[in-house]
Structure formats: structure tokens, C-alpha cells
Amino acid sequence: MTTVPQLEIEADRAGFDPQRLARIDRHLDRYVEAGRLAGWQLLIARDRRIAHLGSGGLRDVEAGLPVEPDTIWRIFSMTKPITSVAAMMLYEEGGFELKDPIARFLPAFADMRIYDGGSSQKPRTVAATEPIRMWHLLTHTAGLTYGFHYAHPLDTMYRDRGYEWGTPSGMDLAAVCDQYAELPLLFEPGSEWNYSVATDVLGRVVEVLAGAPLDQVLAKRVLEPLGMDDTAFWAAGESADRLAALYTPDPRTGRATRYDRMGRIHLGAPDCLLGGGGLVSTIADYHRFTQMLLGGGELDGIRLLGPRTLGFMTANHLPGGADLEQYGRPLFSETTYDGVGFGLGFSVVQDPVAARYPASRGEFAWGGAASTAFWVDPVERLTVVFMTQLIPSSTYALRAQLHQLIHQAIVD
């Protein structure tokens, strides 16, 4: 049953200045008026009660369809925390240890090699001395990459095999992961951070451990228990009418231009169930996921994770307490990540001053390629979910701007 979000507390009673909150909607509407965003939706909650709901523009400009409370959005990499939660539920049951080599579950990854020079056509490689371990997948330190980075010959090798913004037609997750295992690694596992297909590989480990396809595992373990009824790997049946269109900036004008070549992918069952970026969802559904996270793994009496496990996931796991700018390859992002570390499936704010935006130490978050974002701030008891459909997310600094605008409205 579709859930429609409702205001649950007056903004001033939740510690917000209503006039200052109104600045947020006006700011986002300016993007719509300039033609740079088609539409948007924002939910802000404090102490697990919704204090602000905003929306503007159209979910489908060409059809003239407005953003509705139950609009469905492609959340892309906001799938990663959901897959990571499912994996850590299996961890809590003794399914694996974080130090386990992933070859225990995926034998194709047993003898990995590392790129050591040459070109994408004739790479030189050396044998890896460290196996990819489970914690490497959860922290993006496995040495894997993404074809859309355009930063290294290995990225080209991914693209040459059909891995840029998707996967080759007709290949399921098992076959895709076997191909990833045939490619060299970018670096020795655990030695650097690089945003990558690691969570897709994690999703395959989840399938092996659970003995079922990833969509069934996520539905049974996370989505159905939390009442996330509109979250799935595609918008099926009547729900397809609620799926927002996908847009990308016109390179000449900057205006949002329809991008159906990629947008139509989510209108049918995919060949490959990508735990790193395959889900669609509504703002109400993802809000329920954030409330579970803020609640230490529990929502409405249903516990997915123990609070200590969730606390462990939202600690910085980068060696030596490093941040992503120190430890990571150049990020596919609209902003730098100074003062921000990475846990098991989430970015984690270590130093708000270094990050150069108002946030609390310990805030954890992530976003999606179509400029969607969420964060959970345990200090302010604050959760935020932002939805739109503009790819790539590096187009505008929307997430940093939202931090400015939301935190300036907190006055208690």
C-alpha cells in the first residue's frame, strides 16, 4: 500500500523557524524557474516526526505532470545503504566476518591482479598480495572502480565491456561479478578508497549467503518489514505512471533535458539486480528507512539491526581516521569531501569545519547519481530526504546548499 507523507509536528515546535524553512523551498524553486531542475521533493524530520514537506516543479515536464506526494524516483546509489543494511543483518546472524576474503563466497575473486601500467588495451598487471575482504566491499576500498569515472585506464576497460551507467544486456548479477573478477584492480585492497561497483559485488555475496535473488532478499529483510511498499528494482504496472522522468543538463544551455535512454531502464525488470544503484523509491518510503537508522536499527517495534552494529557501521572505517580527500581517488561529486570519512555503507562527517558546511560530527549520509540525497544527524535528531531526477549529481552543489539552508532554520 502506497504511503503518503504527512506533516506530524509544527515546525516551530520541532525547533525550526518557519520563515527560515521557507527559504529552502524558494531556493529550490529558483532552479525550476531557471529550467535547471524539472521538479523536486524534500522531507525534513526531527525526533522522528515530519516537520517540513516541500515540493516544486514537474515530475514529467513534457507531459505536464506535477510532483505528487507519491511520486517515484530513481534513487541510484541511495540503494547502497539498503544493500549494506541487508548484508550486516546477515553479519549479525554469523553469515560472514568482516575480515573474510570474498573469494570464500565468490571463488572468481580468488586470484586478483592489480593494474601496474600500460594502456586499457594492453595493461600490465601484478599479483595482489591482499585478498578483497568483506570490509573492503562495504567501504569501497576493494580496488574496484566505475566506468563513468573517466579517470584511469581501468575505467576505460570497464566501459569497453559495457559497464558505464549500467550492465550488458542479458547478464545477471552472478555473470556481471564474474566479469568484474576478470578485470585487474586499481590498487591493493584496503590501501585506498575509490567509489566503485563494490556494493554490486556485495549484493552478489548477499544472494549467495541468503540463497535467493537480491530483490527477494531486500524485500524480505528490509523493504517489507519497514513498509517500503513502493521501493523496488523497477516501477511495475500502475506505479510506472508515478515514475518521474530523468533529466540531464543540456551542454549548451544548462537546462534540464529529458534523458529517456537511461530513464526507461527502470520501467521493466532488469537483467541484473544492482545492489549499488538499482532501486526506485518514494520520499515516504526512504523516510521510513532513515527513521530506522535514526532509531538505532528499529522502527515501529521492528528491529533490523542491533544498535551497536549500526553504530559500528556509521563510524569512520578509513585507516588512521583519514577523510575521503586524503584516502580517496578523485570523487564523482559536486563537492570535496574534506573532513568526511566512510563507514560500512555511509559517508560519515568527522570534522564539519574541514567539510566547510554546517553538520554535526557523526552525521551519516549518501546520495544518488540523479542528485537525490539523504542524511541522518543523530546529534540534532534530524533526518533529511531530498528527491529530484537530474543526472549527474555533480551538476550543482545541491547537497551542500541544503545543509546551509536546513541548518540555518534550526533555532532551538
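Predicted model: local features only at pLDDT ≥ 70, side-chain atom pairs only at ≥ 80, totals over all residues.
Strands of a sheet pair through backbone hydrogen bonds, either parallel or antiparallel. Here, eight strands form an open sheet with antiparallel pairing. Read across the sheet, their order is β3-β2-β1-β16-β15-β14-β13-β12. The edges are formed by β3 (65–66) and β12 (340–342), each of which pairs on one side only.

Within this sheet, strand β1 covers residues 39–46 and strand β2 covers residues 49–60. The two run antiparallel and are joined by eight bridges. In this pairing, isoleucine 44 is located opposite histidine 52 of β2.

Helix α1, comprising residues 18–33, lies across β1, β2 and β16 (382–388). Its direction makes an angle of about 165° with β1.

Two packed helices are described by the angle between their axes and the distance between the axes. For α1 and helix α13 (residues 398–407), the angle is about 155° and the axes are 9 Å apart. Because angles over 145 degrees count as roughly antiparallel, α1 is roughly antiparallel to α13. The crossing of α1 with α13 is right-handed.

Which residues of α1 and α13 meet? On the α1 side they are Arg23, Ile24, His27, Leu28 and Tyr31, and on the α13 side they are Leu398, Gln401, Leu402, Leu405 and Ile406. By class, this contact of α1 with α13 consists of seven nonpolar, two polar and one charged residues.

Conventions: Residues numbered from 1 in each chain as written. Heavy atoms only, no water. Pairing = 2+ DSSP bridges. Helix = DSSP H or I, 4+ residues; strand = E, 2+ residues; numbered from the N terminus. Contact = heavy atoms within 4.5 Å. Axes fitted to C-alpha atoms, helices over the stretch in contact; angles between N-to-C directions. Parallel < 35°, antiparallel > 145°, perpendicular 65-115°, else oblique. Left-handed = near helix turned anticlockwise from the far one by under 90°. Nonpolar A, V, L, I, M, F, W, Y, C, P; charged D, E, K, R; others polar.
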